[in-house]
Amino acid sequence: MAFPLELTDLAAGLGRRRSRQVHVGKVAVGGGAPISVQSMTITKTADVNGTLQQIAELATTGCDIVRVAVPDTDDAAALPAIAAKSTIPVVADIHFQWKYAMQALEAGCAEVRINPGNIKYHDRVKLIAREAQARGVPIRVGVNAGSLQKEILARHGGPTAPALVESALFEVGILEEVGFGDIKISVKHQNPAVMIQAYRLLAARCDYPLHLGVTEAGTPRDGIVKSAVGIGALLAEGIGDTIRVSLTAPPIEEVKAGNAILGALGLRPKKLDLVACPSCGRAEVDVFALANAVERRMDEIDMPMRVAVMGCIVNGPGEAREADVGVASGKGKGQIFRRGEVVRTVVEEEIVDALLAEARQLADELKADGAAPGRPQVVPG
């Protein structure tokens with residue numbers, strides 16, 4: 001059944017596709033809920049303590065939902081302890097073995113993820129859906145370019161965007177046959193352009209919440225760029241309800257990148273919004289050194305804040321004036337701004353300390369007043 005791609009304005013300022021809402025444990029997904037960030041553990045799930053330790057690290061970094069792999073019986077047996085002790089909702093990642101999905105539901109997992117390309121028996125999929133419905137647990141139908149059904153690949157000539165969407169909606173149809181509707185969908189591809197096209201097609205054909213990601217994106221150097229392009233483009237169009245940045249790296253790096261993407265779009269507060277010029281022949285201070293030093297030391301400030309580090313007088317005063325604190329530099333000196341006003345001028349060697357001092361003072365004032373930091377930002381509508 002087709003649904004129109006309807007948009008509604010939300011507090012974030014972005015037009016958002018209207019989707020139904022599911023609850024992954026305590027985290028709402030879709031229906032106007034904030035975009036959540038997900039990752040996946042790389043420990044052996046059977047190692048309960050190691051897995052829980054990694055989940056705790058991910059949660060501290062800003063992960064909202066975590067997925068664990070369940071490739072064998074030992075992993076399935078570990079799920080009750082992990083689901084009970086995890087501080088964030090746990091999703092069981094199931095391939096091939098439908099019985100593991102049933103065990104995950106019995107274990108108290110907040111969601112199960114299944115792939116339509118590798119669970120062969122539709123009656124087993126329906127059995128999973130009935131059990132999930134009885135327990136109030138959502139199912140993510142996860143389609144990847146590398147695991148599509150042979151007949152769909154043959155019909156489309158490869159893992160094209162329409163092929164991904166056909167596969168996902170076919171599997172969703174099986175769940176719908178038993179009246180199950182707490183569904184999330186992902187249609188991931190390693191090519192951001194194909195991934196974007198697939199999610200656009202899918203968004204126009206259903207109202208289920210969508211899990212965004214560029215699958216097998218690679219190492220952080222290229223993978224973050226691919227993910228920012230694919231995920232960011234769709235979020236800017238109002239498409240997407242939860243995200244995972246898939247990197248060949250420790251999962252904490254995925255969470256950091258996911259939060260950075262949301263922060264860049266104004267969809268999640270950032271502790272530091274650093275505005276820094278790329279430098280050019282007009283600069284008369286070492287902009288690179290100043291910006292890097294400020295970025296390192298802003299962890300000393302326990303409140304979100306926009307800081308501008310500018311190297312010349314062309315754009316410098318304007319950007320510094322619009323930031324919470326900022327510097328506009330020239331000839332080895334810098335004018336320090338706080339909330340739009342010049343407070344002092346210091347030599348280059350004192351710029352970083354001066355900015356941090358003003359940031360601390362502003363943070364203390366804001367906390368005392370109960371006011372929010374940051375200047376309004378224009379985000380795509």
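Helices (H or I, at least four residues) and strands (E, at least two) are DSSP runs, numbered from the N terminus.

Quick housekeeping. What we have here is a predicted model, where local features need pLDDT of at least 70, side-chain atom pairs count only at pLDDT 80 or more, and totals for chains, interfaces and linings use all residues. Residues are numbered from 1 along each chain as its sequence is written, and side-chain values use heavy atoms, with hydrogens and water left out.

So, strand β15, residues 325-330. It runs parallel to β14 (residues 305-310), joined by 4 bridges; valine 309, for example, has valine 327 in β15 as its bridge partner. With β16 (residues 333-338), β15 pairs in the antiparallel sense over 6 bridges, and there alanine 328 partners glutamine 335. β15 and β16 form a hairpin with 2 residues between them, and lysine 331 in the turn has a positive phi of about 50°.

Is β15 buried or exposed? Well, 5 of its 6 residues are buried, so the rest of the structure largely encloses it. Buried means under 20% relative accessible area, exposed over 50%, partly exposed in between (1.4 Å probe, protein chains only).

Now over to helix α10, residues 287-297. Its buried residues are Val287, Leu290, Ala291, Ala293 and Val294.

Notes. Pairing = 2+ DSSP bridges.
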